[in-house]
Amino acid sequence: MTSTADRLARQQDREKGIGTNKKAVKFSQQDYETLRQQCLKSGRLFEDNCFSAEPTSLGYKELGPDSSKTKGVVWKRPKELCSNPKFIVDGATRTDICQGSLGDCWLMAAIASLTLDQQILARVVPQEQSFTEGYAGIFHFQIWQFGEWVDVVIDDRLPTRNGKLLFVHSAVGSEFWSALLEKAYAKLYGSYEALTGGLPTEGFEDFTGGIAEVYYLDKAPPTLFQIMQKAMSLGSLLGCFIIQKTSAETEAVTPLKLVKGHAYSVTGAEEVHFQGKPVQLVRIRNPWGQVEWTGPWSDGSIEWNHISKDEKSKLNHVAVDGEFWMSYSDFIKQFLRLEICNLTPDALTCDKVGHWNHYQYEGMWRKGSTAGGCRNFSATFSSNPQFVVCLEDVDDDPLDGKDGCTFLVGLMQKDGRQQKKLGRNLESIGFAIYKVP
């Protein structure tokens, strides 16, 4: 929980611009450029004593020092893995993200969606970094954390086994930006194991400072496909998820090659003409970089024989990279939930798209005063923190044709991943919205 003094200090920093993407907070007080110059001057490659190349950085339980899963792990720099490593090859793309042996598909789905907008990607992944000019074994990334951008410095020693990266890697073996970004994220949360399990919305918000909304596809609104198209045109990031009913179903592959308990990124939504009739299609990517849907509209299916060459060429429907098309009707049957992360004005640099207004409040539930409990506790519920929102502007181009003002509310809980190694789960929290007459 944040104290009143901490909140006032953070407010003063914000007024000075500290915490914005241009003036990110330095994680662990490490300044990238100062450290890089020190290394260049001394002729030594950077070694990060805040996130050492040691077993404790891998994890605490399943990836703990005594785990069989960490046997034979050797930390190596990219120049020890290939003769000519590159930070980014021909621009960062979705195929640069292939999941390794870590259960962080949610993060991989978020990173894959991030590559769809190079301007947003450049805010997270500073582009001037390389393994040649000015190389000193040090890299940095910027990640949004609960209201402020944080600059995370790492060295480029990566966990490997038998000469291959243990975790995320690129389909091009000489490209390392995605593996280094995963390491920065692991440092932020204390270890690689802390990244196990999650939903794409968390990664979306951490890479954009945006606010996410969730649609359960068994109750999908009739305009959801149009909502998806509009979201993509506004630069929003989208992910989807198939639920598992039991722990035994974790990463179980269905007969049509979809993976249960697994997060995917949504990378396209298009309408084509199939035998003279419009059909809505959704493009999805498996962060494993393989295992693709084999049903209608999959790579090589007969449906592609009945659309025009121009449409087929535009959709680039065959690629061996874990990405595939499926009909929107199959999409809402096969997947449980769709997550859309809407970007705040801070992340949108183009004036051609509509912008959200954005307001953020920090607070806490304090026992005996503001911790009123849920609505089951009618005597104290009204003592919870309350905020009044006045909606004045009418939406541009509403999908349902009705005048109204759309607003989104999100509630974030700090430090949940850092607490995992202590055996603690997130607290049960929530909010209620009331219309004021």
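**Salt bridges and cysteines**

Q: Which glutamate meets the side chain of arginine 417 in a salt bridge?
A: This is a predicted model, in which local features need pLDDT of at least 70 and side-chain atom pairs count only at pLDDT 80 or more, while totals for chains, interfaces and linings use all residues. Residues are numbered from 1 along each chain as its sequence is written, and side-chain values use heavy atoms, with hydrogens and water left out. A salt bridge requires a side-chain nitrogen of Lys or Arg within 4 Å of a carboxyl oxygen of Asp or Glu. At 2.8 Å from N to O, the partner that meets arginine 417 is glutamate 202.

Q: How many residues apart are arginine 417 and glutamate 202?
A: Helices (H or I, at least four residues) and strands (E, at least two) are DSSP runs numbered from the N terminus. Glutamate 202 lies in helix α8 (residues 200–208), whereas arginine 417 belongs to the segment after β12 (337–342). The pair therefore links distant parts of the chain, and the separation is 215 residues.

Q: Is arginine 417 buried or exposed?
A: Buried means under 20% relative accessible area and exposed means over 50%, with partly exposed in between, for a 1.4 Å probe and protein chains only. Arginine 417 has a relative accessibility of 8%, so it counts as buried.

Q: Which lysine meets aspartate 155 in a salt bridge, and in which helix does that lysine lie?
A: The side chains of aspartate 155 and lysine 183 meet at 2.5 Å, N to O. Because aspartate 155 lies in strand β4 (residues 148–155), the pair ties together parts that are 28 residues apart in sequence. Both residues are buried, and they belong to a salt-bridge network that also includes Glu47 and Arg157. The lysine and helix asked for are lysine 183 and α7 (residues 177–189).

Q: What separates arginine 36 and glutamate 33 along their helix?
A: Their side chains form a salt bridge at 2.8 Å, N to O, with arginine 36 buried at 16% and glutamate 33 partly exposed at 34%. Because the two are 3 residues apart in helix α2 (residues 32–42), the separation is about one helical turn.

Q: How many disulfides does the structure hold?
A: A disulfide is a pair of cysteine sulfur atoms within 2.5 Å. The sulfur of cysteine 390, a residue exposed at 59%, has its closest cysteine sulfur in cysteine 405 at 9.0 Å, which is too far for a bond. The number of disulfides in the structure is 0.
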